[in-house]
Amino acid sequence: MNKKWLLISILGLILLVAIVACSQSTPAPELESLTDEEVEELIVDKCSGCHPSSRVFDASYDAEGWSDVIDRMIDKGADVSGEEKELMVDWLANR
């Protein structure tokens, strides 16, 4: 009976190690090192799921206005991190 539990424990441990090893993903690039083109792609990726990206690029706000707009979109379900929001606001306000 003890050999059975030992075997089950070892197999469980091996399975756990395999699952952890397979779940490792490639780290995301550092957001602060994105180029202007990459930030623009980020904006298209985050915004065009709900409306045309031209709606974003045709709008004109200052940094505070863009921050408010993106906060409203986050409240509606946009998947934007704080760091992404900061980059997007900076890029949009200074273009």
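A: What follows is a description of helix 2 and the residues around it.

This is a predicted model, in which local features need pLDDT of at least 70 and side-chain atom pairs count only at pLDDT 80 or more, while totals for chains, interfaces and linings use all residues. Residues are numbered from 1 along each chain as its sequence is written, and side-chain values use heavy atoms, with hydrogens and water left out.

Helices here are DSSP runs of H or I with at least four residues, numbered from the N terminus, and helix 2 covers 36–47. The expected span of a helix is 1.5 Å times one less than its number of residues; for the 12 residues of helix 2 this gives 16 Å, which agrees with the 16 Å between its end C-alpha atoms.

Val 39, Leu 42, Ile 43 and Cys 47 of helix 2 are buried, a word that means under 20% relative accessible area, with exposed meaning over 50% and partly exposed in between (1.4 Å probe, protein chains only).

The buried residues of helix 2 pack against helix 3 and helix 5, where contact means heavy atoms within 4.5 Å. Ile 43 is also among the residues with the most contacts inside the largest nonpolar core, which has 13 residues; such a core is a set of buried Ala, Val, Leu, Ile, Met, Phe, Trp, Tyr and Cys residues joined through side-chain atoms within 4.5 Å. Helix 2, helix 4 (63–75) and helix 5 (82–93) each supply at least two residues of this core. Leu 92 touches Ile 43, Val 56, Phe 57 and Trp 66, not counting residues up to four places away in sequence.

Cys 47 counts as buried at 15% relative accessibility, and its sulfur is 8.6 Å from the closest cysteine sulfur, in Cys 50, which is too far for a bond. Cys 50 is exposed, with a relative accessible area of 73%. The structure holds 0 disulfides, a disulfide being a pair of cysteine sulfur atoms within 2.5 Å.

In the loop between helix 2 and helix 3 (53–58) lies His 51, which is buried at a relative accessible area of 16%. His 51 touches Val 56 and Met 73, again leaving out residues up to four places away in sequence.
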